[in-house]
Amino acid sequence: MEIRPIFASLRKHRIPACLIVLEIALACAVLCNAVFMISQRVSDIHLGNAIDEQGIATVVLRGADDKLVGSDIPRNLAALRGIAGVQAVAVTSTLPLSHNNWGWSFGLDPDATISDKKSHNVSLYFVGEGADQALGLRLLQGRFFNGDEYAGSKFDTAPLPETHVVVVTQSLAKKLWPGQSALGKTLYSMPHYYTVVGVVADVLRPAFGNQAGPYIYDSTYYPLSAGGSKGVLAYYVIRSAPQDRERIMREAEQKLADLNPGAVTKAQTYSDIREKYFADMSSMAWMLVLVCVVMLAVTAFGIVGLTSFWVGQRRRQIGIRRAVGATRGHIMQYFQTENLLLTSVGVALGMGLAFGINIYLMQHYEMSRMPWYYLPGGALSLWLLGQASVFGPAQKAASVPPVVATRSV
Amino acid sequence: MFAYYLDLALRSMRRNKVLTALMVLAIAVGIGASMTTLTVMHILSGDPVPTRSGTLFFPQVDPNPYSDGPSLPYDMMDYRSAVDLWSAHRADRQALIAHGQMKLTAPQVNLPPLMVQVLSTTSEFFPMFDVPFLYGHGWSAQDDASRARVAVISSDLNNKLFNGVDSVGRTLRLKNSDVRIVGVLGAWRPSPQFYDVAGGRFAGGQTGDFYGRTEDVFLPFNSSSDINPTGFNFFTCWSMPRSDATLQTSPCVWMTLWVQLDSAGKVRSYRQFVADYAAQQKSVGRFARADNTQLRSLMGWLDFNHVVPSDVRLQMWVAFAFLLICLFNTVGLLLAKFLRRSGEIGVRRALGASRAAIMTQCLFEAGLVGLLGGVGGLLLTLLGLWLVRRQPVAYADLVHLDTAMFLLTFALAIAASLLAGLLPALRASRMAPGLQLKMT
């Protein structure tokens, strides 16, 4: 295939050719970045979370008398255990993705202070007895808390509990003590210090920003007695078989409301909590999908429109070529090659632009670096789109009969 | 002339129905997408107190006694600094603010107890922020000092508890104390809820919650600390509270102060006052850094907190890139269309039409495409905003198309299509009459 005539004819239509190149470049740049954003959000929405998400329901009980929680919590838990189908119940201060985040910064040396820049910010989960069972935490090393540790831990005036044991997630253990066993190591925020007694599989924090970073699993667990909880143990976590969950949640809410007439109850399945947390992320992802689809459609129509125009304009030349022996295939090839050339220039520009946009987004928005394969991926889709949209007009061009050459003047 | 051009444009558009439809559609979706996102952006980045935002300021000091703390002052203040600055009464108006949650029951109302968000503040909050009242009024400075058990409630809560009737004088039970309602707010939905904005720079772009509804109950700060002394939310602490600490003496930041300063001179002298306070606190050993003070304006504070969620800004950029693609598309198609009519244009030129006349005619046609695209874009914008209102975001109920945005839709559509038509029109008008006649 000779491409020189194509260049010659494109030089004559410089402006439309430039326009189509720019349109393809911009479409390629937006497509790469949008697809990258979509994929990031989709992977965020599916972040792993090592608790029994399908089996957990929760009733949050607020406004109960803080002075009576020591006897109220055991009574409430006993009542919940009485519901048919309940496998485990416990109280906690919060749940992953509940937005109810209590953070604190710890150091690895006894003299670390909270405002120290070297301190590590983590999320605190205060849990009552049996929480490992109720949440379905997966213990990887060491142990969970024993009865004495639960009974002995309470809140004094400090915002940290008066105990000396902690369970951390695997990611946090690896980050704080790389290459070592976390068991027996200590987190400091003097006068409080906590020694790691167990490591559990990764559980998400109650809240994190727009983008999942390396900090999303920085969760820590502390035992807390009902009597010393000062009302922070407000989440009743109820675990059951998934098919029983809905019914058990209703019964549990009713029971807690009956037992605590002065308090405010709010029941949710864990799946709802998770869905709510990621709702705006998934709506953003859908919006981007919609934009990409419409954008590609508009680009395709643009190519169809312009090529059809060119075909119309060149009917005589096509006729002449056909008359001097070009086959239909040659004519088709001509327009397809022309489109391939334009698209190639477009995607080359577009990949550069996509890279630039990504750098800008990394600086000004919480965006990470786009993996390289998005660029050829975007290029390939626009090549295919270009070829698909040029096919119709090219076929029309190929069907121009040779006799046109003799007619039109 | 107008009618003639209109006729020509309509004829030409009818001749290439598919091409015309494509152009109108491209403009319409481009405009629809960009106007939807621009409207959301416009609403979220607006001025929450248009009447006097220029006079509202947010003082900050750094109460950290250690010099190794964060380089910028905390987003909130400790009790002592906030109350010191407030009680000096050096501004035209000033209000302390702290947040908490309390259990609420209404005697004689048959509803289960509620957990409500409580804003603890001082009397000048209402006049300073121009807060509208439906019934009654705010409390007085006297009530602040005497720790009066009074409350102002939101119209939402008034509707929920009292079906919207005048509830001034009725009693609410907050935790274990009774308070008397002295005022019910009118429709007040500042966007964002600026006086609660803090910590935006740590939110990772997830700032949609700054656009939530106002608190349901407003209490005098002193009364609130009597009713529920441990019920305040704290922002952060610079060291571990000692075991005998109360919230008031704790090394934690949890209060904010807003001031109204009516002239540039007063702003200057207040800035000096805050700096002097920090210097004096440093000299008594309470602060480590005297130079770490700020007095940001309301809009400056909102900017600093990046209140507009990053997703909203991203969506706007995506939509404008999309509009640009649609424009390139339209330019290409218009060019194709005008050049295809070169014969007709040649005849007109040969019959004496000036270049300007040809250009005007082409632009007229482009403008008409823009107008039709604008109508389509408006419908798509309304559809887009309807979709935004159904999203699970705090600002969903704020989103609507106002007149300015309605007009902007058409202006943008016509400007975009004229811009798109300019190059093709220029090319068309440059055609030599004779050549085109010969060709056909």
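**Figure 1. Helix H2 of chain A against helix H10 of chain B.** In this predicted model, the axes of H2(A), residues 14-45, and H10(B) come within 9 Å and cross at roughly 160 degrees. Angles over 145 degrees count as roughly antiparallel, and H2(A) and H10(B) are therefore roughly antiparallel to each other. Their crossing is left-handed.

**Figure 2. Residues at the contact of H2(A) with H10(B).** On the H2(A) side, the residues making the contact include Ile15(A), Leu19(A), Glu23(A), Val30(A) and Ala34(A). H10(B) contributes, among others, Val318(B), Phe322(B), Ile325(B), Asn329(B), Gly332(B) and Ala336(B). Sorted by class, the contact has 18 nonpolar, two polar and one charged residues.

**Figure 3. The largest nonpolar core.** This core has 178 residues, of which Cys28(A), Val30(A), Ile27(B), Ala151(B), Val217(B) and Phe322(B) touch the most other members. Helix H10 of chain B, residues 310-340, gives the most to the core, with 18 residues. A second, separate core has 69 residues, including Val60(A), Ile73(A), Val166(A) and Ile238(A).

**Figure 4. Surroundings of Cys28(A).** Apart from neighbours within four places in sequence, Cys28(A) is in contact with Gly346(A), Val347(A), Gly350(A), Met351(A), Ala354(A), Gly378(A), Ala379(A) and Leu382(A).

Figure 5. Val311(A) is part of helix H9 of chain A, residues 279-313. With 22 other C-beta atoms within 10 Å, Val311(A) is buried, the cut-off being 20 or more. Its contacts, leaving aside neighbours within four places in sequence, are Pro393(A), Lys396(A) and Ala397(A). Between Val311(A) and Gly227(A) there are 84 Å in space, C-alpha to C-alpha, and the two are 84 residues apart in sequence.

Conventions
Residues numbered from 1 in each chain as written. Chains lettered and ligands numbered in written order. Predicted model: local features only at pLDDT ≥ 70, side-chain atom pairs only at ≥ 80, totals over all residues. Core = buried A, V, L, I, M, F, W, Y, C linked by C-beta atoms within 7 Å. Buried ≥ 20, exposed ≤ 12 C-beta atoms within 10 Å, placed from the backbone. Helix = DSSP H or I, 4+ residues; strand = E, 2+ residues; numbered from the N terminus. Contact = placed C-beta atoms within 7 Å. Axes fitted to C-alpha atoms, helices over the stretch in contact; angles between N-to-C directions. Parallel < 35°, antiparallel > 145°, perpendicular 65-115°, else oblique. Left-handed = near helix turned anticlockwise from the far one by under 90°. Nonpolar A, V, L, I, M, F, W, Y, C, P; charged D, E, K, R; others polar.
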